[in-house]
Structures are given as C-alpha cells and as structure tokens.
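Please examine the model shown below. The briefing that follows treats helix packing, sheets and cavities in turn.

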Amino acid sequence: MIGLPTETVYGLAADASNDEAVATIFAAKGRPATHPLIVHICAHDGGMSAVAHFCIKVPPFAQQLMTAFWPGPLTLILPRRAGVASATAGGQESIGLRCPSHPTAQALLVALRTPVEGEAEVWGLAAPSANRFGRVSPTTAAHVQSELGDTLLVLDGGPCGVGIESTIIDCTRGQPVLLRPGAITRLQVEQACGRKLLSNQELIAQVPQGLEAPRASGTLESHYAPNARVRLMDARALQTAVDVLSETIAPSGSPSIAIYARTVLKKIPRQIVFRRMPDDAQAVAQQLFAVLRELDASAVKLIWVETPPDTEAWEGVLDRLSRAAAD
Ligand code: TXA
Ligand code: MG
C-alpha cells in the first residue's frame with residue numbers, strides 16, 4: 001500500500017486484484033468494507049485491455065466518454081466481470097474505473113503492467129482518496145503523511161493540479177447518471193456522448209409507479225469535513241456578519257473565525273483570518289482542500305465561505321463545500 005499522486009487528489013493505492021492488500025486500505029482509512037474503491041488503470045492502449053479485464057458490457061456512451069476524457073479526471077462505473085476485484089468493489093456488481101493523467105501515477109501503472117517472470121500482472125490499482133474516512137482529501141504528499149502517518153511510503157508528485165476528486169458517471173443504468181460532480185462538467189459529458197446526463201433523483205423519478213426504483217449503486221461519502229465548522233453565506237450576509245463582529249469583538253481577542261471569500265469585504269477585524277477566493281472555479285478547486293486544511297491548522301472554530309456562483313463550472317466546488325458545511 002502506497003500514497004499515490006493523481007491529477008485530482010492523492011490516493012492510497014494497492015493491487016486491485018489482491019483482496020489482502022485491498023483490506024489494508026480499508027483498515028488504514030477506517031472505511032467500511034462495503035464502500036467500493038475506484039480502480040486506476042494504465043493508459044497505454046487507451047485503457048481498453050484493463051477495461052476488458054475488469055468489466056463486461058461497456059455501453060457505447062461509456063466508450064465515447066473514455067475516448068474523450070481518458071487519461072483524465074473521470075471515473076466510470078461499469079458492470080464488473082464476475083470474480084474480478086470483488087473486495088475492491090465492496091460486494092457491488094459494478095466497478096469504478098479511472099485512467100489518471102498524472103505522469104507519476106501512469107509511470108507506476110505502466111511498470112506494474114510490464115511482465116516480470118514469476119509475478120502476476122497487476123491490472124489496476126485500487127485507490128480511494130488518501131484521507132481518513134469522512135475527512136478532506138489530500139492534495140499534497142505532506143497532507144497524506146499528516147493523515148496516515150510517516151511510515152506510509154508516499155510518492156511525491158507535487159501539489160495536485162485539479163484539486164477535487166474525479167467526476168463519477170454511473171454507466172450501468174442504460175443512460176449516464178452523475179454520481180459526483182468534478183472538474184469535467186455536465187455540458188462536457190453531454191457533448192462528448194450526445195446523451196442527457198441524469199442525476200440520481202431524475203433517474204428515480206423516471207421509473208413508472210409500481211416498479212421498484214433503481215438502487216443507487218454505492219453511497220458517496222457524506223462529509224469532506226475539516227475540524228472547524230464551515231458555513232456558506234452570500235456576500236451580503238458575510239458583510240453583515242463582519243459588521244456585527246467588528247462591533248462586538250474584543251481588541252485583543254484571538255482569531256476564532258476565518259473567511260474565504262471572492263468579494264472584497266469592508267472593515268474586517270484584524271483578529272479574523274482572511275483568505276481571498278480566486279474568481280475562477282478551477283483555481284478554487286485546485287486550492288480548496290489545502291485552504292480548508294490551512295485554516296483548520298490556524299485553530300479557528302468557524303470558517304465562513306462565500307457561496308460560489310450557481311453555474312455549471314462551480315458545481316464540483318459547491319458540492320464539496322456543501323458537504324464540508326453539512327452537520
Ligand atoms: O479523483 C478521485 O476519484 C480520487 C483519486 C485518488 O483517484 N479517488 C477517490 O476515491 O475519490 P474515493 O474512494 O475517495 O471516492 C470514490 C467514490 C466513493 O464515494 C465510492 O462510493 C464511489 O466512488 N464508488 C466507487 N466504486 C463504486 C461503484 N462500483 N458503484 C458506485 N459508486 C462507487
Ligand atoms: Mg474520498
């Protein structure tokens with residue numbers, strides 16, 4: 001088991017076909033064994049031989065998404081070949097596959113696919129984000145080490161470029177279903193495969209009354225939570241809160257509140273830790289988890305975050321912030 005850099009976040013990786021190795025990942029993360037892991041595959045033939053190894057029935061729209069976005073920050077849930085990577089799949093009949101673009105991840109995946117006499121070929125690396133269950137994902141090698149300890153071997157690939165976890169599309173239900181928003185947007189997905197991308201709720205609503213609603217395959221983590229409480233507020237509410245604070249805060253009080261906002265606020269008391277949020281969604285995604293960790297480390301009790309714009313480009317960031325803010 002090693003810490004692995006990817007373009008999205010760092011993963012905690014082991015041979016996806018080795019149930020014992022996979023069990024060490026679940027144990028290190030404190031993650032329930034029924035919670036499936038994503039398998040990372042080698043890009044050398046567009047991922048196709050690994051897809052054929054792990055999956056049966058790849059629908060044409062899934063094939064189009066692989067061609068358009070692999071290697072890259074997109075995970076596809078596909079029907080799993082019986083008997084393959086069962087511990088990784090956490091007992092699901094499906095498997096999540098992703099072909100990462102990070103050069104270090106790809107170099108390792110290529111090396112593992114190169115045959116060595118007497119050793120089994122490694123078809124893919126199971127890797128969840130390398131944080132303890134329910135915590136913010138790591139985007140540097142140092143974050144991984146602080147989550148999981150110094151004895152873990154971590155390949156240092158520098159800070160992750162994307163910064164939030166991959167977009168996940170379920171391809172097992174006849175039409176593409178968005179399970180987790182990420183850097184690859186709805187519009188990009190719909191344009192690449194020419195199909196409407198449904199949400200889980202939309203899919204369930206389509207089922208005629210009397211029929212059983214499809215089961216959501218695999219539940220997503222409900223939290224990406226720092227220790228401090230995160231609150232989302234629009235610019236006006238933030239300014240009002242700052243005004244109230246500046247009238248009531250003791251001049252020598254220690255900082256217990258941090259603000260992460262795009263809007264320039266007036267008269268912020270000196271005791272408040274302020275971080276300016278970039279205007280661009282991709283730039284915010286890249287730094288988001290590092291900023292939450294940093295603010296947490298400054299021992300603030302509250303992090304007030306300006307609500308991002310309600311546009312498609314911000315969907316991934318808004319999703320992670322809403323989870324961090326959930327009680
Ligand atoms: O960007 C990423 O995807 C990162 C990097 C390391 O690749 N990985 C990552 O893994 O975020 P993890 O395990 O933290 O999140 C994967 C999510 C989980 O919420 C899991 O429930 C869901 O994907 N998932 C995995 N396999 C699934 C399956 N067969 N069916 C439904 N959901 C699945
Ligand atoms: Mg995770």
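The axes of helix α9 (residues 281–297) and helix α10 (residues 315–325) come within 9 Å of each other and cross at roughly 35°. Axes are lines fitted to C-alpha atoms, for helices over the stretch in contact, and angles run from 0 to 180 degrees between N-to-C directions. This is a predicted model, in which local features need pLDDT of at least 70 and side-chain atom pairs count only at pLDDT 80 or more, while totals for chains, interfaces and linings use all residues. Residues are numbered from 1 along each chain as its sequence is written, chains are lettered from A and ligands numbered from 1 in the order in which they are written, and side-chain values use heavy atoms, with hydrogens and water left out.

**Helix packing**
- The crossing of α9 and α10 is left-handed, that is, the near helix is turned anticlockwise from the far one by less than a right angle.
- On the α9 side, A281, V284, A285, L288 and F289 meet V317, R320 and L321 of α10; contact means heavy atoms within 4.5 Å.
- The residues of this contact comprise seven nonpolar, no polar and one charged; Ala, Val, Leu, Ile, Met, Phe, Trp, Tyr, Cys and Pro count as nonpolar, Asp, Glu, Lys and Arg as charged, and the others, Gly among them, as polar.

**Four-stranded sheet**
- An open sheet of four strands has the order β10-β13-β11-β12, with parallel pairing; helices (H or I, at least four residues) and strands (E, at least two) are DSSP runs numbered from the N terminus, and two strands pair if DSSP finds at least two bridges between them.
- Its edge strands are β10 (229–233) and β12 (273–276).
- Strand β11 (residues 257–261) is joined to β12 by four bridges, and A261 stands opposite R276 in β12.
- Helix α8 (residues 235–248) packs on this sheet, touching β10, β11 and β13 (302–306).
- Helix α9 also packs on the sheet, touching β11, β12 and β13, and its direction makes about 170° with that of β12.

**Nine-stranded sheet**
- Nine strands form an open sheet of mixed pairing, in the order β1-β2-β6-β3-β5-β4-β7-β8-β9.
- Parallel strands β3 (residues 38–40) and β5 (residues 94–98) are joined by three bridges, and H40 stands opposite R98 in β5.

**Cavities**
- The count comes to two cavities of 30 Å³ or more; on a 1 Å grid over the protein atoms alone, a cavity is a set of points where a 1.4 Å probe fits but cannot get out, and lining residues have an atom within 4 Å of a point.
- The second largest cavity has a volume of about 40 Å³, a volume being the space filled by probe spheres set on the points.
- Its lining residues include T167, R186, E312 and E315.

Key: 1 Å grid on protein atoms, 1.4 Å probe; cavity = no way out; pocket = protein on both sides within 12 Å on 5 of 7 lines; lining within 4 Å.
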